[in-house]
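Thanks for coming. Please have the viewer open.

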Amino acid sequence: MSSVVTVEKRKVNDYKGDERPTWCPGCGDFGVLNAVFKALSDHNFDPKNVIIVSGIGCSSRLPFFTDAYGFHTVHGRAMPVAAGIRAVQPDMPVLAMGGDGDAFAIGVGHLIHAIRRNLNICYVVMDNAVYGLTKGQTSPTAERGLATKATPQGASDPAVNPLLLALATGCTFVARGFSSKPKELADLIARGIAHEGFAFIDTYSPCPTFNTVNTFKYYRDATDDLPADFDPTDFNAALQYAASEDPLYLGLYYQAEQPTFEDHIRNNKPEVTNSAMTVVEDLFDQMS
Amino acid sequence: MTRNDLVIRVAGEAGEGIVSTGQLLTQAALRGGFHVLTYSQPPSEIKGGHAFYQIRLSADRSYSKGDSVDILLAFNQEAYDRNAAETKDDGLLVYDPSEVTPSADSHFVQVEFPLNDIAKNQLKFPIAKNVVAVGALAELFDLPTKHLDSLIEERWLRKGEAVVQKNLDALRAGIDYVIEHVPQRDRFALYPEKSHAGEIVVSGSEAIGLGAIAAGCSFMAGYPITPASDIKEFLEIHLPKTGGHALQAEDELAAIGMVLGASYAGSKAMTATSGPGFSLMIEMLGLAAMAELPCVIVDAQRAGPSTGMPTRHEQGDLYQAAFAGHGECPRIVLAPTSVRDCFYQTVNAFNLAEKYQTPVVLLGDTLLNVRSESVPRPILNEVKVVDRLLFSENGNGVGNEVGRMNGEYNRYVLTENGVSPMSIPGQEGGQYIATGLEHNEEGLHRYDEATHTIMTQKRFRKLERAAHEAPEGDRFGDPEAEIGILTWGSTVGSVIEVIRQAEQEGLKLDMLAPRMLMPLPDHEIRPFVESKRVIIIPEVNYVGQFANMITSQYPRDYVRINIFGGMPFRVDWLLEKIREEVAQYV
């Protein structure tokens, strides 16, 4: 993605919107929001040239708290909306933000195809294994048996492994972040934005209100950084580390270069385009 | 046999060249000066199966497919067996004796034509059977062959001179056979009285695609579905020529999502689907209405519910188009009344969508979308294109005046007509969040009573304004007639022919077909319903969806005529029905 070159370096505060976040105190999403600000300022984007697309859920409120252009869509549909934006504004960086219900339940059908298209966006999933806005049902990333206030009998199905899902679908940038490591997360997001293609960052973002198991402490204990010598071009290694349940690794698992959605659109256009009316007149000629 | 209004049906196995035979004859007839209107029935099966392509040739403009067949070209026995009943008793049967044995008591004028033998043995070019047939039919009807020669050159030139020559030979073989073997050919000759040369042959789906390009559409996303896929395929080929793009999404949810993304990002955008796909789009129809994003959704209706009869005709989606949605979801619904009108109403759909920042549903159907027709070539410099009102960051322009509140841009600022200037990502100072949540003028989500009240009013105010700008309804008949016919969409074609025939019998009828069905244009409908003694509402659905909408808004007695078998109205049947109904009131 292109970055806008300006003399003055923008600061984190330049990306903050007028609205204050509505999240519960202690929510992991605060850390993600700060990481987004940091990543945008690393790129020094002008806020007017950034579009943040989201779905529905606590985390999907994020665009409201920024000064970028935003599209708060409907549940599970952030991916197609982002594709439509990129199809007509291929030079404008697009960040997609949302939760695990959005990405892996109602929207998983779209996620797979956005990945297949290699849509050039950065998608940060704030993963807390529960639905917060609807008061705490378990989501597809909840471990089987996880009991919550609204799912007292416990999650009935095994959890989706988002990284394996993305890798198996051909994702060209697969990473895992953690909201309580904002510097590393900001770095992943900045690299995801710079990546030419679909950057997928599954991010642990604990819900202090409805998930009493997968807390900040839980993830601090359960996670470890990928080894320093880890090679993110090695697909098999990525699969192997993504499958690990103990520890859960943080960092960039995989990155590859593939033609993007935007490349396809660009290549599909003739070198010389015509005005709409000229094209229509020509077609009329052929039909007479 | 009427010499200046003939229905020709080419029938056989799908994939046998039925469609290409039909298309070549259609274009040749157009260049010969006839009006042409086609009707086809593809098989629902994947491969093979019975199919036909029907062409109505007439000197005057025709409006319906024609009730029965004058000339049947049967490629095989099944084609004969299935179509003989619809062929007039004194009709002409053209058939290959190696494939078809007509029944012994057939009244048809019969012309044997050894298509297979000529193509296989004489020409050694079996796949040219259909071109041989075109040559034979053209000679029978005395269509000028020069048109066919040039059509064959245009069609096969890309494959090289040799292929063109082989097809020209096939054409010639068909012509020669008829000259040698069919005596008294002037029995069949056709004489156009008015020239329709210079018109274009276009299908409803193509007309929609052309209208979209002319209106400035630069993005289209769709998902394959009968009978709307043609629109996507047309735009995939032609939209890039203007710098635009059309693509296939993973489903209809994604298609409309992409359209809204593109619209938000500043493009005129559309999708095209049929009833089942439109059902999937309803969720984001609500988002489009709430976030006030212009978009055009084509619903090419087919017989339902559910998968129903994908290749059959029905006007069953009017309720869905007009009312589907959660909460109170304003939208505009337009219904073109002919193939040519598909072009103009698509332009209007974009214009209204952009002007009022609202979804517009364009209701096509199997009959309109699939058939090709010769239509007067639209005059493009008379086509008015409307763009959305934009926020202007530099202080010039209308958008700036109304878009700013206390020095800040407000995306949903309240205005007299409900339209607020939009900003496009990248515009300085134009940042806002498009959202499906209720929101204040700034675009920030708010759930208070006052906000929901004034914003609901704002969204519906736009519709009230749009009703005054409805494209003029389709009128036909005698404006003084006491008997009115109120109808919509493609049923207009049958109704126009009914009115013409009724007039010859001294029965005066007057038709109004509003082109905007939601909101209903009161200034058109009220005077009509208040001035007619009897009003008949024919439509192709069971419950009378349009009749119910009209009755609830304009209560009085209406005569409903409904069919729902998957076919359009036959003109003779509808006229008879109207005669019966009228008799009760006289």
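The first thing to look at is an open sheet of 9 strands, with mixed pairing and the order 9(A)-10(A)-7(A)-8(A)-4(A)-3(A)-1(A)-2(A)-17(B). On terms: two strands pair if DSSP finds at least two bridges between them. Helices (H or I, at least four residues) and strands (E, at least two) are DSSP runs, numbered from the N terminus. At the edges stand strand 9 (223-225) of chain A and strand 17 of chain B, each with a single partner strand, so one side of each has no neighbour in the sheet. On average, neighbouring strands of this sheet are turned by 20° against each other, direction ignored.

A word on provenance. This is a predicted model, where local features need pLDDT of at least 70 and side-chain atom pairs count only at pLDDT 80 or more, while totals for chains, interfaces and linings use all residues. Residues are numbered from 1 along each chain as its sequence is written, and chains are lettered from A and ligands numbered from 1 in the order in which they are written.

Back to the sheet. Axes here are lines fitted to C-alpha atoms, for helices over the stretch in contact, and angles run from 0 to 180 degrees between N-to-C directions.

How does the sheet get from one chain to the other? Strand 2 of chain A and strand 17 (residues 433-435) of chain B run parallel and are joined by 3 bridges. Within that pairing, G70(A) has I433(B) as its bridge partner.

Now the wider interface. In total, 44 residues of chain A are in contact with 50 residues of chain B; contact means that the C-beta atoms, placed from the backbone, lie within 7 Å. On the chain A side, the elements that give two or more residues are strand 2 (69-72), helix 2 (78-88), helix 4 (108-117), helix 9 (261-268) and helix 10 (276-287). By class, that side of chain A has 25 nonpolar, 13 polar and 6 charged residues. Ala, Val, Leu, Ile, Met, Phe, Trp, Tyr, Cys and Pro count as nonpolar, Asp, Glu, Lys and Arg as charged, and the others, Gly among them, as polar.

Next, two helix pairs. In chain A, the axes of helix 1 (residues 29-43) and helix 6 come within 8 Å and cross at roughly 50°. The two helices are therefore oblique to each other; angles under 35 degrees count as roughly parallel, over 145 as roughly antiparallel, 65 to 115 as roughly perpendicular and the rest as oblique. Helix 1 of chain A passes helix 6 of chain A in a right-handed crossing, that is, the near helix is turned clockwise from the far one by less than a right angle. Among the residues that make the contact are V32(A) and A35(A) of helix 1 and L185(A) and I189(A) of helix 6. The contact divides into 10 nonpolar, 3 polar and 2 charged residues.

In chain B, helix 7 (residues 204-215) and helix 8 (residues 229-238) have axes that come within 8 Å and cross at roughly 45°. That makes helix 7 of chain B oblique to helix 8 of chain B. This crossing is right-handed. Helix 7 of chain B brings residues including I208(B) and A212(B), which meet residues of helix 8 of chain B including F234(B) and L235(B).

Some backbone details to check. Most residues other than glycine have a negative phi, and most peptide bonds are trans. A cis peptide bond joins D246(A) and P247(A), with omega about 0°; P247(A) is in the loop between helix 8 (235-243) and strand 10 of chain A. Another cis peptide bond, omega again about 0°, joins T226(B) and P227(B). P227(B) is found in the loop between strand 8 (219-222) and helix 8 of chain B. E292(B), not a glycine, has a positive phi of about 55°.

Last, the chains overall. Chain A has 10 helices and 10 strands, and chain B has 19 helices and 23 strands. The C-alpha atoms of chain A fill a box of roughly 70 × 40 × 40 Å along the principal axes. For chain B, the box is roughly 85 × 65 × 40 Å, also along the principal axes.

Notes:
Contact = placed C-beta atoms within 7 Å.
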